[in-house]
Structures are given as structure tokens and as C-alpha cells.
Amino acid sequence: MERFELAVIGGGPAGLAAALEARQNGIERIILFERERELGGILQQCVHSGFGLHLFKEELTGPEYAERFIESVRQSDIVCKTDTTVLEISGDRTVKAVNAADGFMEIGADALILATGCRERTREAIGIPGDRPAGIFTAGSAQRFMNLEGYRIGKRAVILGSGDVGLIMARRLTLEGSEVAAVVEAMPAPSGLNRNVIQCLDDFGIPLLLSHTVISTIGKERLEGVRIAQVDSRMQPIAGTESLIPCDALLVSVGLIPENELALQAGISTHEDSHGLAVDERMQTDAEGIFACGNAVSIHSLADYVTVQGRLAGRSAASFILDRRGRTELEPMYQDGRHTAK
Amino acid sequence: MYDIVIIGAGIVGTAVARELSKYQLRIAVLERNNEIAGGATKANSGIIYNGHTARAEKLKGRLTLRGRQMFEELCRELDVAFKPVDMLIAGFDEEDDAAIEELRRRAETNGIAGIRVLSREEALRREPFLNDGVRSALLNPGCGIVDPWEVCFALAENAAANGVEFRLNTGVTGLAPLQGGIEVETAGGTLQARAVINCAGINTDLINRMAGSESFSILPKRGQYAVLDRSARFQISHIVAHCKSEKEKSVFLIPTLHGNVMIGPSMEGTEDRTSKKTTAGQMQKLMKSAHKISSRIPEHQVIRSFAGLKAKCSAGDFLIRESEVMSGLIHAAGINNPGLTCSPAIAAHIADMVASMFSRMGLALERNPVFNPQRERLVSFKDIPDGERNEWIRRHPGYGRIVCRCEQVTEGEIRESISREPGACSVNGVKHRTRAGMGRCQGGFCGPKVTSLLSEELDRRMEQVLFENNGSELLSDSMP
């Protein structure tokens with residue numbers, strides 16, 4: 001079994017920052033696993049701008065933001081295994097992974113950093129009844145189809161949920177020639193960033209229906225429409241307020257859930273309500289030497305914050321490893337344990 | 001001229017096709033959908049019953065007992081996973097005690113070995129998630145769990161390997177008598193066959209009408225199900241139900257082959273033969289029924305709900321007989337629960353009917369000398385032991401690329417599922433054959449990858465790839 005000082009799982013903004021920070025803090029043998037062909041994680045499909053305002057004081061697209069870190073990783077001696085899926089981790093910090101070139105591999109590490117990101121809540125998870133035809137997408141998979149594969153997902157769409165992904169997709173669809181009939185939000189206020197409400201909906205005249213939800217989906221083979229209704233304060237549809245919106249696509253953008261299946265299998269604790277990994281102020285989980293950062297811990301509104309947290313995890317992991325080597329502890333970078341952007 | 005045309009490629013049609021492929025016959029299976037197993041077969045509980053409630057005076061009862069005896073051997077031949085699981089039928093009040101005793105008596109009459117009534121303590125020890133108020137439970141050993149569509153795919157693949165032709169997207173539009181046979185009109189042209197076997201599920205009565213008879217009708221029932229996440233902190237080791245009264249049927253809590261718990265079905269009559277929609281009302285009813293068994297079911301960990309249409313027949317029993325108006329036509333109608341369990345027995349029963357029909361025509365059924373009863377399952381990366389994975393990936397590099405992260409399905413499996421005969425033709429076809437998209441993200445991550453693999457393997461443009469049936473294109477067009 002090959003041994004490394006540090007294994008980082010996930011090559012999105014959290015994992016990239018963590019690996020680089022650990023490298024800069026004297027950790028020499030680092031391996032980073034990424035399941036996609038490219039590093040960068042979900043940033044690669046976020047072609048809109050707005051990244052980097054806090055960290056770099058400039059407005060970058062997702063791929064541009066990612067590139068700043070990917071470039072540094074490329075120039076370093078960090079071993080990057082892309083197109084590689086981690087299958088299992090264990091509390092003694094061994095990692096089982098697989099790819100087509102190397103096959104099945106098992107490596108050991110002195111410390112692990114989990115930067116596994118999040119997944120989208122689906123229409124099934126929120127129990128929208130109705131038919132199950134083609135044309136119902138999570139906002140992120142619609143974004144991938146459009147931005148990475150280059151396909152339109154429908155001619156007339158309804159978006160459920162006013163989170164940032166939903167808002168950004170409303171603008172994206174409009175710019176690519178699809179009509180967005182409405183963004184429907186069950187809460188009485190939009191849940192995404194205010195700047196996105198203005199730049200993605202208001203600027204394009206897309207209606208935002210607050211305190212409304214989709215109560216059923218209609219269509220045998222391809223979606224033909226959604227039925228919506230106003231909801232009361234307990235999120236229950238109010239009788240008599242139903243209406244039908246004809247559309248051939250429904251984008252569901254109803255929240256993100258930290259993706260921690262690897263950690264759960266290894267018996268690492270998560271918060272029951274948020275599904276985020278439980279970490280201490282140094283981003284260590286309840287398994288010694290296993291750290292976590294980014295959306296696997298909690299859902300962040302900005303990639304910049306994810307980067308900051310990734311750095312903290314990288315630095316903590318480095319100090320853990322160096323400690324074990326019997327060297328002196330590093331100067332703490334964040335005196336109060338909080339992770340704020342410099 | 002075909003010897004046999006089978007209408008419908010669900011569990012009954014494919015079981016009949018595979019059974020008849022043991023003989024030297026020219027056989028075609030016509031399926032109106034773009035995928036096999038697309039009707040009631042895929043919206044099924046997956047329970048193999050042991051016939052504890054079977055009634056010997058009914059054909060359904062006799063075929064259940066026979067089907068159960070045949071099922072495991074069939075699964076062995078077709079390399080299909082079969083998990084023996086005991087059934088636990090719980091009672092919560094005095095009335096239930098009587099119902100359980102009645103069930104026990106009937107099971108004993110049916111010769112079910114090992115059936116017994118458990119005390120409250122023993123029931124709770126076996127199934128700690130049962131509600132505290134449980135009084136007693138009937139332990140019914142000798143049931144089992146399968147993936148119903150997997151059985152159907154396996155039957156179809158084995159039938160095809162033994163010479164049966166499968167024609168998809170080929171709905172039957174008319175039947176006409178011929179000298180020594182039947183003319184079958186379809187969307188894709190006309191076929192002639194000596195015998196036609198009507199395995200059209202909820203549309204068997206429409207086929208009967210095409211033959212000129214209204215001797216039975218199908219009363220579709222919509223059954224809804226909910227599936228819990230594998231990682232839900234709710235696991236069971238039995239198929240669990242509340243003992244049912246005549247008025248109120250209980251849902252089952254079913255431990256699937258893959259570690260999920262499935263709940264269902266809730267049943268309602270419906271006029272609409274095409275709608276497989278789920279409804280908020282029935283889902284509430286389903287959960288209410290399930291909570292009678294265990295109030296600890298984590299409703300928020302439902303990852304999928306779905307509905308299917310079951311073909312209840314006006315005759316009140318399975319209706320398997322020759323048509324009274326068209327010679328050469330055999331109906332297999334009204335195959336509702338436990339049709340999956342019965343399917344091998346139904347197929348054997350129909351083969352006997354075909355043999356006697358052919359002998360009346362002066363024809364004999366000759367054994368197919370090259371019939372191969374074996375079929376091999378799709379190798380699943382997840383099931384390969386760690387030590388053998390590298391060797392497998394070296395020979396099949398696609399198995400080193402995980403496409404569906406939730407269920408750990410590789411590119412190799414997906415390509416293989418598409419290239420089989422009959423293989424997956426759509427995203428849902430891939431899902432049912434490989435489990436890609438069946439996990440907690442419901443295809444959010446793997447959907448785009450599965451779509452491009454289908455595009456490559458079927459040599460179709462991305463925007464021509466189907467979600468399931470014709471008209472279900474996933475993408476509208478490519479961007480300039």
C-alpha cells in the first residue's frame with residue numbers, strides 16, 4: 001500500500017485550497033482525488049461571473065476562479081488523480097479508489113481531508129406528486145447539460161426555488177433563448193443572494209412568485225406543465241389558488257445537501273439536521289486526523305468562503321501531520337479560530 | 001409466418017417467450033413501449049410469495065404455489081439475485097388476533113412449512129422497529145425478494161439468445177382470423193402467426209376487443225410506492241405487513257435487495273390507463289398505513305416514489321384461456337398480484353395450452369435441441385471483491401470509471417447494458433438494468449453522463465436520447 005502524508009478527497013475549491021495550503025505548510029507527499037476529468041469541481045460549470053470578489057478583489061467566472069488554484073496545483077508536486085472515484089475511507093485513514101488507468105488502489109495517509117462537496121435536493125426528496133416524464137431536472141444537472149455539454153434543456157421552463165443556482169439558471173436559460181415562465185418560491189422571501197435576484201430575474205423581467213409552490217407535474221412522456229398553488233405559513237397549498245403553467249421543463253433548485261456518504265460509512269459524525277460533517281474549530285472531524293471543509297461541512301453561499309475554509313483545513317491537517325513527525329507546531333494563522341477572508 | 005406472436009414484453013410475456021423458446025418455434029414478442037418491463041412489471045413489490053393465502057379453487061392460487069416452487073431454480077438458471085426473506089404479519093388488537101389465526105390456518109392448509117404465531121416479545125426481538133403496541137405476529141417463512149424488472153430482463157435476454165425476436169415500439173392495432181392462424185396488425189406492419197398470446201397487461205381486454213369479444217374487462221388499479229434511502233436509520237430483515245381486514249389492505253415494508261426499504265402499495269381504482277402519477281392523497285394514506293406498523297419510518301428520507309397500474313380482471317381470478325371467438329388466440333389476462341411469483345407457472349401452463357392447440361392443428365411441439373437455459377448477469381463493479389478488481393479493470397477499462405456515485409455503477413456496466421439483446425434503449429432502461437440513477441441523487445450527477453453513453457452506444461445525437469418512450473427526448477436542441 002502506497003503511503004502519503006495527506007490525502008485530499010475532492011478537487012473543487014475546498015480540496016484545491018486545502019491541498020495547496022498543506023503543501024505551503026511543509027507537507028510533501030500529498031495526493032488529491034477528483035472524480036471528474038478536470039479539477040475545479042462544480043466551478044467548471046458555473047460560467048457566470050461573481051467569483052473571487054472577496055479573495056481576489058476582482059470578478060471572475062467559475063472556471064477562471066478555479067484555474068487560479070489549478071495552476072498552482074499543477075506547478076506543485078501534489079499528485080492529482082482525476083477521473084478517479086474514492087470508494088471507501090476508513091477511520092485508520094486508508095483510502096480505496098478506482099480509475100481506468102491505475103485500476104483499483106488502496107493508499108494510506110497520515111491525515112485525510114474530506115472536501116466532497118454537496119448534492120442537490122431532488123423533486124423526490126421534497127415529494128412533489130404527479131407524473132414523472134422527461135424534462136424535470138435539478139438546476140445543477142440542467143446547468144451541466146447547458147454549460148458543459150452545450151444543449152438546451154427545454155423551450156419554456158419553470159424554476160422551483162429561488163436559491164442562487166435557480167436564479168442563475170433563470171438568466172442562463174433566458175440568454176440561451178429559452179423562456180422562463182416563472183421562478184416559484186415557497187418562502188415569502190427569495191433565498192438566494194439579493195444581487196442575483198436583481199441581476200438574474202429583475203433585469204430580464206422574469207416573474208418571481210413568492211409563497212407559491214409546484215403541487216404537481218403533468219405530462220406522459222415529456223413535461224407539459226406544472227400545477228402551482230399559493231402556500232400558507234405552514235407551507236401547505238391553499239385551496240382555490242391552483243393554476244397551471246404550461247412548460248416543457250421544470251428546474252428544481254430546492255437546496256443543497258452536504259455529500260458525506262464516505263464519511264458516514266466510516267462512522268464519522270454528521271449533524272442530523274444539516275447532514276454536514278461535525279467539525280471542531282480546526283476543521284477536524286470526530287475521527288482523529290480526518291479533517292473536512294467546504295460544502296461537505298455546511299452549504300456556503302460563496303466559493304470564496306469555501307476556499308478560506310479549505311485553507312484552514314489544509315493548515316490544520318499540516319499541523320497535525322507535523323506534530324506527529326515531532327516537529328514544532330505552526331504559528332496559528334487564525335487567532336480566534338474563525339475563518340475570515342484576509 | 002410466425003408460429004407464435006406474444007403481445008407484451010412484461011414479466012408474463014417474457015416468461016412465456018422464454019418457456020416457448022425451449023421448442024422449435026419461430027417466435028416474436030411485440031412490445032408497444034420503447035423498453036421491456038415498462039408496465040406493471042417495473043412498479044411491483046418484488047415479493048415472491050409462498051402461497052400462504054392461496055386458494056386452491058382459484059387458478060391464481062394453484063399457480064402461486066407452483067410458481068414459488070419454480071422460482072428459485074429459474075433465478076439460478078438466469079443468474080438473477082433471489083434473496084430468501086421471511087414475512088412477518090403483525091397484529092395490533094384483538095380483531096387482528098383472529099385475523100392472524102385465520103391466516104395461520106389457511107397457510108397450514110396450503111402446506112406452508114414453519115409457519116407459526118410469534119408472541120409480542122419475539123416479534124419485537126425479530127423486528128425492533130415494530131410499534132410497541134404489537135400483540136402478536138404471524139411468521140411466514142419461505143418468501144423471497146427479487147428485482148422484478150431484473151427477472152424480466154433476464155427472461156427476455158435468455159429468450160432472445162434462444163432465437164426469440166423482440167420488436168419494440170410495436171403496438172398491436174388489430175387482429176384478423178387467417179386460415180390456420182391470425183393476422184396481427186401493428187404500427188410497424190402486419191405479421192402472421194399460428195398462435196397469438198395476449199400478455200398485454202392492463203390492455204389485455206383491448207386486445208380481446210380487437211378479436212371481436214368483450215368477454216372480460218380490466219379494471220386498472222394504481223399502486224403507489226415510496227423508497228427510503230439506503231443510509232436511512234431504518235432497516236428491517238423481514239417483509240412486514242399489518243394483517244389485513246377485508247376492508248383495509250395493509251402496505252408492505254419491503255427490504256429490497258439493495259438495502260433500501262420500500263413501502264407500498266397503496267391501491268386505488270382508476271379509469272386512466274396511462275397515468276402513472278403519484279398523488280399527495282395516496283402518499284399520505286400509504287404513510288398512515290405504514291405508520292401503523294412502525295411509527296419510526298423516516299418520511300424525510302424518501303428518495304423516490306412511483307406508481308404502477310395493476311391489471312385486475314372482472315373475472316376475479318387470473319383469466320388464462322383460449323379465446324372463445326378467435327381460434328389461435330390465448331389470453332393471459334388479469335395477472336395481478338402475485339403475478340410475478342406465478343410467472344414461471346403461468347408460462348408452463350401456457351406452453352401446455354400451446355402444445356394441445358398445436359396438436360389439434362396436427363402439429364407437434366419439437367424440443368429445441370440447442371436451447372440454453374443459462375444467462376449471465378451483468379457484472380456489477382460493486383460486487384467484485386477488492387482483490388479481483390484490478391484484473392477485471394485491466395480487461396474491461398470501462399469498469400474503472402464510476403458514473404453513478406450513489407450506487408457505484410461504472411461506465412463498463414452501462415455500456416454492457418445497452419449492448420445486450422434486448423438492451424437498454426433509454427435513460428430509464430439503463431437505470432433499471434444497472435441502478436445508475438436509483439440512488440439518493442436520482443440521476444442528478446450521472447444523468448448527463450448516462451445520456452452521452454446512450455448517445456455513443458446507440459449512435460444517436462444527444463438530443464435524440466430518450467428518457468424512456470418515444471416522445472421523451474431529454475434535451476430540446478444543441479446550442480449554437
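The model is predicted.

Chain A contains an open sheet of five strands. The strand order is β10-β18-β12-β13-β14, and the pairing is parallel. Two strands stand at the edges: β10 (136–138) and β14 (208–210) of chain A. Each has a single partner strand, so one side of each is left without a neighbour in the sheet. From one strand to the next, the twist averages 20°.

Helix α3 (residues 139–149) touches β10 and β18 of chain A. The direction of α3 makes about 95° with that of β10(A). Helix α4 (residues 164–175) of chain A also packs on the sheet. Its contacts are with β12 (156–160), β13 (179–185) and β18 of chain A. The direction of α4 makes about 170° with that of β12(A).

The interface between the chains was examined next. In chain B, 49 residues are in contact with 46 residues of chain A. Interface size is often expressed as the accessible area lost when the parts come together. Here, chains B and A bury about 4100 Å² between them. Carbon and sulfur atoms account for 54% of that area. On the chain B side, B:Arg405, B:Arg440 and B:Met479 lose the most area to chain A. Together these residues make up 15% of what that side buries.

Eight salt bridges are counted between chain B and chain A. One of them pairs B:Asp386 with A:Lys96, with the closest N and O atoms 2.7 Å apart. Several elements of chain B each supply at least two residues of the side that touches chain A: β15 (302–313), α9 (386–395), α12 (447–458) and β20 (477–478). By class, that side of chain B has 16 nonpolar, 19 polar and 14 charged residues.

Strand β11 (residues 151–152) of chain A is joined to β20(B) by two bridges. These two strands run antiparallel. A:Tyr151 has B:Ser478 of β20(B) as its bridge partner.

Notes. Residues are numbered from 1 along each chain as its sequence is written. Chains are lettered from A and ligands numbered from 1 in the order in which they are written. This is a predicted model: local features need pLDDT of at least 70, side-chain atom pairs count only at pLDDT 80 or more; totals for chains, interfaces and linings use all residues. Side-chain values use heavy atoms; hydrogens and water are left out. Two strands pair if DSSP finds at least two bridges between them. Helices (H or I, at least four residues) and strands (E, at least two) are DSSP runs, numbered from the N terminus. Axes are lines fitted to C-alpha atoms, for helices over the stretch in contact, and angles run from 0 to 180 degrees between N-to-C directions. Contact means heavy atoms within 4.5 Å. Buried area is the accessible area (1.4 Å probe) that two parts lose on being put together, summed over both. A salt bridge is a side-chain nitrogen of Lys or Arg within 4 Å of a carboxyl oxygen of Asp or Glu. Ala, Val, Leu, Ile, Met, Phe, Trp, Tyr, Cys and Pro count as nonpolar, Asp, Glu, Lys and Arg as charged, and the others, Gly among them, as polar.
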